[in-house]
Amino acid sequence: MTHPDLQLEILDDVAVVRLTRSAKRNALSDGLILALRDAFESLPDTVRAAVVDGEGPHFCAGLDLSELKERDAGQGMKHSRMWHAALERVQYGPVPVIAALHGAVVGGGLELASACHIRVADTSTFYALPEGSRGIFVGGGGSVRIPKLIGVARMTDMMLTGRVYNAEDGERVGFAQYLVPEGTAFDKALELARRVAKNAPLTNYALMHALPRIAEQPADQGFFTEALIAGIAQSAPEAKERVRDFLEGRAAKVAKS
């Protein structure tokens with residue numbers, strides 16, 4: 001996988017996928033979206049977690065509007081579905097993904113961030129959905145993923161009024177799970193990715209693929225799916241070994257951080 005605006009670096013068992021279009025505030029061209037898709041489809045088997053980062057002062061300022069073309073309804077729908085397929089490889093790919101957010105997390109950049117499993121923001125981060133003021137609508141999965149983070153009413157407000165959330169308010173409403181000092185989002189994201197990479201792979205896979213689907217199911221179906229996944233996960237040899245280590249005193253107990 002090679003693309004001039006995307007860098008893939010493997011640090012032991014963690015992949016760092018970095019947008020390198022800083023002169024354009026890492027705006028997402030079609031080529032860059034497809035490169036993201038290809039990167040997550042072709043991660044080495046040794047990778048257990050990934051970090052998505054943006055080069056320069058901004059994570060991602062959204063869709064590259066210079067590429068926005070006159071499309072008929074069918075072409076517009078297919079373009080949106082291309083984005084859906086690409087970002088699905090982030091959310092439902094082979095490994096958990098941590099986003100390192102800083103500066104602009106706007107429009108399509110927020111859609112990319114919402115496809116990740118954990119979001120770390122530094123204090124320079126700000127969030128916006130300017131599509132409403134530009135006469136367009138989110139097309140990269142934002143109308144599905146973002147309300148799950150902040151609720152429908154807040155997303156509606158952002159698109160109707162152009163409201164911008166700063167880092168502190170964004171963490172409060174649910175855009176990010178971690179808020180760190182400016183310039184340290186990547187370090188924290190990498191720290192978390194290395195911790196996640198130590199988990200049993202089958203448990204990580206269940207958290208990525210089963211948990212969001214269970215959350216959408218009626219309770220009785222969710223309980224049944226949970227039971228199936230729990231049975232599968234605990235039957236894995238690595239799970240049995242980890243439980244045995246705990247019972248025999250070789251694993252650390254949970255302690256206050």
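A salt bridge here is a side-chain nitrogen of Lys or Arg within 4 Å of a carboxyl oxygen of Asp or Glu. Keep that in mind for this tour of a predicted model, where local features need pLDDT of at least 70, side-chain atom pairs count only at pLDDT 80 or more, and totals for chains, interfaces and linings use all residues. Residues are numbered from 1 along each chain as its sequence is written, and side-chain values use heavy atoms, leaving out hydrogens and water.

**Whole chain.** Along its principal axes, the C-alpha trace spans about 65 × 40 × 35 Å.

**First pair.** Now select arginine 37 and aspartate 38, which form a salt bridge with their closest N and O atoms 2.9 Å apart. Aspartate 38 is partly exposed at 29% relative accessibility (buried is under 20% relative accessible area, exposed over 50%, partly exposed in between, with a 1.4 Å probe and protein chains only). Arginine 37 is partly exposed too, at 27%.

**Helix 6.** Move to residues 167-173 and show aspartate 169 and arginine 172, 3 residues apart and separated by about one helical turn. Their side chains meet in a salt bridge, 3.7 Å from N to O. Arginine 172 is exposed at 52%, while aspartate 169 is partly exposed at 30%.

**Helix 7.** Next, in residues 185-197, pick glutamate 191 and arginine 195, 4 residues apart. Their salt bridge is 2.9 Å, N to O.

**Last stop.** Select Asp5, Arg21, Lys24 and Asp64: salt bridges that share partners join them into one network.

Definitions and conventions: Helix = DSSP H or I, 4+ residues; strand = E, 2+ residues; numbered from the N terminus.
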